[in-house]
Amino acid sequence: KSCIHTLSGHTNTVSDVKTQATEPQIITASHDCTVRLWDIVAGKTRATLTNHKKSIRSLVLHPTQYTFGSASADNIKTMEMSGGRIYTELIRAQCDCQHSSS
């Protein structure tokens, strides 16, 4: 098979890629702290989401809603697929717990 498009835009390693059938779209997560929504017909970025402060490690698509989640070391966000509007954000709490071994 031949290459149809080369998707350029991330400035660091891509850590996860998801596709969904509702629209011809690919969602990518990267260690450059961005999520990109790609129009695969045009071969161009539809949106670049810069809401994470640390490397994004994974993506997950909701099976029935038009949303996806992205996870980094500092937080987890759920966003809409069409433009990336944030629905929820879970921020990692800082813990100063002292663990003892018994």
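**A sheet, a salt bridge and a buried lysine**

Hi everyone, let's start with Asp16, which is buried at a relative accessible area of 15%; buried means under 20%, exposed over 50%, and partly exposed in between, with a 1.4 Å probe and protein chains only. What I'm showing is a predicted model, where local features need pLDDT of at least 70, side-chain atom pairs count only at pLDDT 80 or more, and totals for chains, interfaces and linings use all residues. Residues are numbered from 1 along each chain as its sequence is written, and side-chain values use heavy atoms, leaving out hydrogens and water.

Which residue does Asp16 meet in a salt bridge? The partner is Lys18, at 3.6 Å from N to O. A salt bridge here is a side-chain nitrogen of Lys or Arg within 4 Å of a carboxyl oxygen of Asp or Glu, and by this rule the count comes to one. Lys18 is partly exposed, at 26% relative accessibility.

Now the sheet. Four strands form an open, antiparallel sheet in the order E1-E2-E3-E4. Strands are DSSP runs (E, at least two residues), numbered from the N terminus, and two of them pair if DSSP finds at least two bridges between them. E1 (14–20) and E4 (44–49) are at the edges with a single partner strand each, so one side of each has no neighbour in the sheet. E3 (residues 35–39) pairs with E4 over five bridges, and Leu37 stands opposite Ala47 in E4.

Last stop: Lys77, in strand E7 (residues 75–80). Is Lys77 buried or exposed? Lys77 counts as buried, at 2% relative accessibility.
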